[in-house]
Amino acid sequence: MGKKIVVVNAGPRKGWNTDTILTEASKGAESVGAEIVRFDLFRLEKYTGCISCFGCKKEQFKGHCICRDGLTQVLDAIRESDGLIIGSPNYLSNLTASFRALYERLIFQNLTYNMENPCCNEHPIPVLLVMTSNAPDSMYKELIGSYQQTLNTFVGPTEVLISGDTLQLKDYSKTDWPWTMFDPDAKQKRHDTVFPEECRKAFEMGAAMFK
């Protein structure tokens, strides 16, 4: 029986950078026999981040967020999966609010506040964390490293892929005011040369999750 991989897109733009890299990582996992279950957070029913109800701190609910909303199906699928691929664009030097909502509830349900056994997750799974950004990837290694460390502890061994300096628009000249912070020609050149290599790497990382 094949492994089941949950893929979560925490970005809103279909067909663009985060979506494309996650699709390639999914194809990589599928190439080694994995079954993909995908969620696009911006297309789910209404949900929130952690509401601090502490229901998951009760013995009968440990490891389970008891808040019922649009994220419940995502959390349930991750809990039953063999791996997680999750990606988000960079918004204002962090990941999206949609990512954070899922991240809070995914982590907090496994946090026990017990020094001897701080994590109650009995089913660690491999994770691939993807971030895309219009800024250079070197700017966000510390940020992503922090997420990686927490995911390592509470979800499972985590690899990261950062795609920086990404192309944001097909035609920068059609903006209502000049986006003079960017060089459109350089952005397009990188998109045509470097981004395909990052997609290839995503495919390989998706395939490597269960080799």
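A search of the whole predicted model finds twelve salt bridges, a salt bridge being a side-chain nitrogen of Lys or Arg within 4 Å of a carboxyl oxygen of Asp or Glu. The structure is a predicted model in which local features need pLDDT of at least 70 and side-chain atom pairs count only at pLDDT 80 or more, whereas totals for chains, interfaces and linings use all residues. Residues are numbered from 1 along each chain as its sequence is written, and side-chain values use heavy atoms, with hydrogens and water left out.

Among the salt bridges, Arg-79 pairs with Asp-76, with the closest N and O atoms 2.9 Å apart. Arg-79 and Asp-76 are separated by about one helical turn because they are three residues apart in helix α2; helices (H or I, at least four residues) and strands (E, at least two) are DSSP runs, numbered from the N terminus. Arg-79 is partly exposed, with a relative accessible area of 22%, and Asp-76 is partly exposed at 27%; buried means under 20% relative accessible area, exposed over 50%, and partly exposed in between (1.4 Å probe, protein chains only). In helix α1, Lys-27 forms a salt bridge with Glu-24, the closest N and O atoms being 3.4 Å apart. Lys-27 has 41% relative accessibility and so counts as partly exposed. A further salt bridge joins Arg-100 to Glu-104, at 3.9 Å between the closest N and O atoms. These two residues, Arg-100 and Glu-104, are four residues apart in helix α3 and therefore about one helical turn from each other.

Although neither is a glycine, Ser-52 has a positive phi of about 55 degrees and Phe-54 has one of about 65 degrees. Ser-52 is partly exposed, at a relative accessible area of 42%, as is Phe-54 at 40%. Phe-42, together with Tyr-91 and Leu-92, makes a nonpolar surface patch of about 370 Å². Patches are made of residues with over 30% relative accessible area and no salt bridge, like charges being joined within 9 Å and nonpolar side chains (Val, Leu, Ile, Met, Phe, Trp, Tyr) within 5 Å.

Tyr-113, in the loop between α3 (97-108) and β5 (127-132), counts as exposed because its relative accessibility is 59%. Beyond residues up to four places away in sequence, Tyr-113 touches Phe-54, Lys-57, Phe-108 and Pro-118, where contact means heavy atoms within 4.5 Å. By contrast, Ser-88, in strand β3 (residues 83-91), is buried at 0% relative accessibility.

One cavity of 30 Å³ or more is present in the structure, and about 100 Å³ of space lies in the largest cavity. Cys-50, Cys-53, Cys-56, Cys-65 and Phe-108 are the closest to the centre of the largest cavity among its 15 lining residues. On a 1 Å grid over the protein atoms alone, a cavity is a set of points where a 1.4 Å probe fits but cannot get out, and a pocket is an open set with protein on both sides within 12 Å along at least five of seven lines; lining residues have an atom within 4 Å of a point.

Methods: Accessible areas come from the Shrake-Rupley method with a 1.4 Å probe; for residues, only the protein chains shown count as cover. Grid points are joined across faces, edges and corners, and a volume is the space filled by probe spheres set on the points.
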